[in-house]
Amino acid sequence: MSEAEGIKALRTEAAQWLAEHLTGKYAPLRHRGGSGDGDAFPVLRKEWERELASGRWTCPGWPREYGGRGLSIAEQVAFQEEYGLAGGPGRMGHIGEGLVGPTLIAFGTDDQKSRFLPGILNGTEFWCQGYSEPSAGSDLGNIKTRARLDPATGDWLVTGQKVWTSLAHLSDWIFVLARCEEGSVGRNGLIFLLMKIDQPGVEIRPIRQIGGGAEFNEVFFADARADARDVVGQPGDGWRIAMALLGFERGISTLGQQMSFAQELDLIIEIAKENGAALRPAIRHRIARAWIGLRAMRYLAMRVLSTDPDGDVQREGLSYKYHWSNWHRDLGKLAMDVLGPEANIIADDWRRERLQQLFLFSRADTIYGGTNEIQLNILAEQGLGMPREPRGALK
Amino acid sequence: MNLDLTADQRAIRDEAGRFLDENSSSKDVRLIVDAGGGTDEALWRTVARDLGWCAMSIPEECGGLGLGMTEMSLLMEVCGAHLACMPLWSTACLAAPLLVETGNERARETLLPAIAGGEISATVAWPALAHAEQLNAISATARAEGDGYRLEGEVAMVADLPGADLILVPARLPDGTVALFALDRTLPLKIAALKTLDATRPLGALSLTDLAVPAEARVDENGIGASAAERALAFGILGLAAEQLGAARAVMDLTLAYIGERVQFGRTIASFQAIKHRCAKLEVDFAEARSLVYGATAGFSDWSGEEANAEVAAARVLASELLFRAVEESIQLHGGVGFTWEYDPHLYFKRAQASNALLGAPEGHLDAIADAIIGRGAEV
């Protein structure tokens with residue numbers, strides 16, 4: 001079977017499986033749980049993860065020896081697209097599948113792999129990410145959470161605070177970047193720990209967001225314990241592990257995200273036709289531009305995910321996050337302008353609700369995962385070879 | 001769909017780049033510009049006859065190499081970067097595709113091989129409109145008389161006139177059919193060379209006043225149908241978009257080089273964040289435009305009507321806007337020397353605005369996209 005035929009067969013299999021399983025009690029999950037809607041139906045969405053696992057659709061990109069399907073990037077993209085087209089809900093298992101799993105496969109001990117990978121694969125254990133802190137957002141190296149070795153047990157005792165932790169209140173485990181060397185600064189002296197959430201010394205406080213929901217949290221640690229076995233890499237080497245983890249997010253899931261963007265755009269066009277906004281030339285041009293941006297996003301993602309050795313492609317990939325997040329934010333504003341005065345009215349109307357959430361939550365898109373300003377610095381410095389920003393002296 | 005370039009495609013691009021680095025430098029371009037515009041004849045002879053660039057996308061049975069739109073676009077990108085003063089776009093991206101799509105036996109057996117072999121340059125007298133409107137807007141007319149035809153009409157701005165050896169003129173017959181006439185330079189044509197701000201691409205005005213042409217001048221098989229015209233125009237639009245991309249990349253690179261050396265307040269001006277962020281935003285626009293142009297180009301082989309047309313139009317919108325933004329930023333970031341004759345940004349600035357209007361300005365393309373994805377009139 002050629003690669004193209006293999007992909008076609010995979011698409012058929014995935015579409016058919018999703019049509020058969022994303023139904024009945026799971027039907028309300030369609031199109032839910034995406035960005036900004038992350039706290040929708042949490043219990044049912046966890047069940048859905050187990051359902052996915054039963055069809056071997058969790059972790060399809062993992063190597064076969066760890067229970068994955070060993071899919072190529074093109075095949076993973078195809079699956080993500082089918083998942084998006086079917087209205088598959090936001091993945092509760094995303095952090096485990098996309099970030100923790102690949103990190104442990106690359107850097108974990110055999111013991112860590114055997115204890116953690118099955119729970120991720122089976123959709124029974126859920127993870128969240130403990131990176132950002134009140135004083136370490138864009139400047140992640142400024143981490144202040146401390147990890148202190150307990151000489152009696154070899155465990156690590158963690159004290160400090162993480163923030164913007166997505167779905168911490170629905171997770172079983174958190175990976176934490178903490179400072180383990182007294183007096184170290186910046187990227188040195190950090191440790192990468194795997195920690196159980198349900199233990200004394202870990203407290204979670206939800207943060208209510210602009211759209212009213214609460215998928216983010218503050219996580220407080222007061223001498224909370226990480227088992228001696230649960231250091232990934234060596235103490236002091238945490239920064240390298242933390243950055244490698246981010247590198248595993250190659251943006252394959254964004255192809256699925258684009259399916260949801262396309263549905264949002266379709267919804268806007270549908271409403272514009274109903275309420276007459278589609279007759280206004282300025283709105284028509286803005287819709288045309290939104291369509292253009294989405295098409296370009298698709299082709300840019302395809303090029304970035306390819307194995308093209310062309311250096312240009314690598315450089316252009318640095319634009320991806322800035323492009324999609326600003327596009328999505330603009331789409332939120334367009335949605336409101338198409339709705340007109342009704343955009344301000346809260347009503348029991350799922351279409352309007354979805355667009356209002358889009359409008360509100362897309363403001364986060366240009367902030368999390370590297371703000372616009374940081375993205376532009378990265379583009380200028382790494383992409384265009386321009387001089388680096390000087391470091392300030394303030395502590 | 002796979003958007004990776006093959007090793008062969010990269011080699012075509014890289015070799016073309018090296019060739020133009022040597023043979024169409026800023027100094028070479030300025031020789032043409034300072035002479036008031038025109039074609040770099042030596043460059044064109046080499047490109048057309050020895051390097052076979054015109055043959056790239058012409059089918060093998062018509063004397064070409066039978067490669068795809070992607071290879072042609074890569075060449076156009078390189079040409080755009082160098083502002084190469086030669087009629088490659090009009091010959092290989094406007095005239096040849098129109099003959100391929102609509103041509104009769106003579107077109108396929110004589111004219112296309114002559115283009116592929118670099119013996120002649122050619123252009124098409126299209127009006128300067130978005131492609132959806134082109135066919136309706138054709139005002140030149142033709143009527144049969146005796147053994148031939150009589151042509152009448154004016155086309156205000158035709159690319160690469162007066163130099164083109166062959167001029168393709170779409171003209172409407174009394175029954176409404178649009179026929180295609182190939183006019184060679186033995187005919188008594190009235191062509192006025194236009195003085196242009198952009199001296200890197202000549203434009204001419206063509207007047208046909210009751211011009212008698214022989215029957216063999218008509219080279220279409222069955223008239224120019226809407227879908228054939230769309231495909232031929234799409235080729236031209238994508239070629240132009242690729243050329244604009246190349247020009248944008250080049251002007252961005254020369255700007256980065258300049259601001260990396262220019263020192264003020266004890267540091268290079270490239271180290272100021274206000275400037276870094278502007279360059280980075282341009283880079284985002286560049287990645288967006290290039291991806292769309294490559295995607296639309298790759299999709300050209302399995303053409304699928306309205307959506308494909310919208311994508312082609314979109315490629316033009318992004319590439320046109322990108323090039324203009326890249327050049328206006330270039331002038332601004334060059335400071336005082338940015339608006340001198342001595343530095344190169346003005347060459348790109350003039351090309352940017354001139355190419356913006358060829359085959360329809362962005363607003364027209366945006367209208368076409370909106371029509372395709374929202375519907376028009378009563379459909380809304």
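Helices (H or I, at least four residues) and strands (E, at least two) are DSSP runs, numbered from the N terminus, and the elements below are named in that way. This is a predicted model, in which local features need pLDDT of at least 70 and side-chain atom pairs count only at pLDDT 80 or more, while totals for chains, interfaces and linings use all residues. Residues are numbered from 1 along each chain as its sequence is written, and chains are lettered from A and ligands numbered from 1 in the order in which they are written.

A place to begin is the loop between β3 (148–159) and β4 (166–172) of chain B, where P162(B) lies. The peptide bond that joins L161(B) to P162(B) is cis, with omega at about 5°.

Chain A and chain B meet in a contact that takes 33 residues from chain A and 33 residues from chain B, two residues being in contact if their C-beta atoms, placed from the backbone, lie within 7 Å. On the side of chain A that touches chain B, the elements that give two or more residues are α7 (252–275), α8 (281–305), α10 (320–339) and α12 (372–383) of chain A, and α8(A) gives the most, with twelve residues. Sorted by class, that side of chain A has 18 nonpolar, seven polar and eight charged residues; here Ala, Val, Leu, Ile, Met, Phe, Trp, Tyr, Cys and Pro count as nonpolar, Asp, Glu, Lys and Arg as charged, and the others, Gly among them, as polar.

The interior can be described through its nonpolar cores, each a set of buried Ala, Val, Leu, Ile, Met, Phe, Trp, Tyr and Cys residues joined through C-beta atoms within 7 Å. A residue is buried if 20 or more other C-beta atoms lie within 10 Å of its own, exposed if 12 or fewer, and partly exposed in between, with C-beta atoms placed from the backbone. The largest nonpolar core has 182 residues, and those with the most contacts inside it are L168(B), L238(B), V293(B), A315(B) and I369(B). Helix α8 (residues 226–259) of chain B provides the largest share of this core, 20 residues. Not counting residues up to four places away in sequence, I369(B) touches A288(A), W291(A) and I292(A) in chain A, and A310(B), A313(B) and A314(B) in chain B. Another core, of 44 residues, lies apart from the largest one, and W127(A), A178(A), F192(A) and A226(A) are among its residues.

In the loop between α1 (3–21) and α2 (42–54) of chain A lies F41(A), which has a positive phi of about 45° although it is not a glycine; because F41(A) has 18 C-beta neighbours inside 10 Å, it counts as partly exposed. L167(A), in the loop between β3 (156–163) and β4 (173–179) of chain A, also has a positive phi without being a glycine, with a value near 60°, and with its 21 C-beta neighbours inside 10 Å L167(A) counts as buried. I210(A) belongs to the loop between β6 (202–207) and β7 (216–226) of chain A and is partly exposed, since 13 other C-beta atoms lie within 10 Å. Leaving aside its neighbours within four places in sequence, I210(A) is in contact with L360(A), F361(A) and R363(A).
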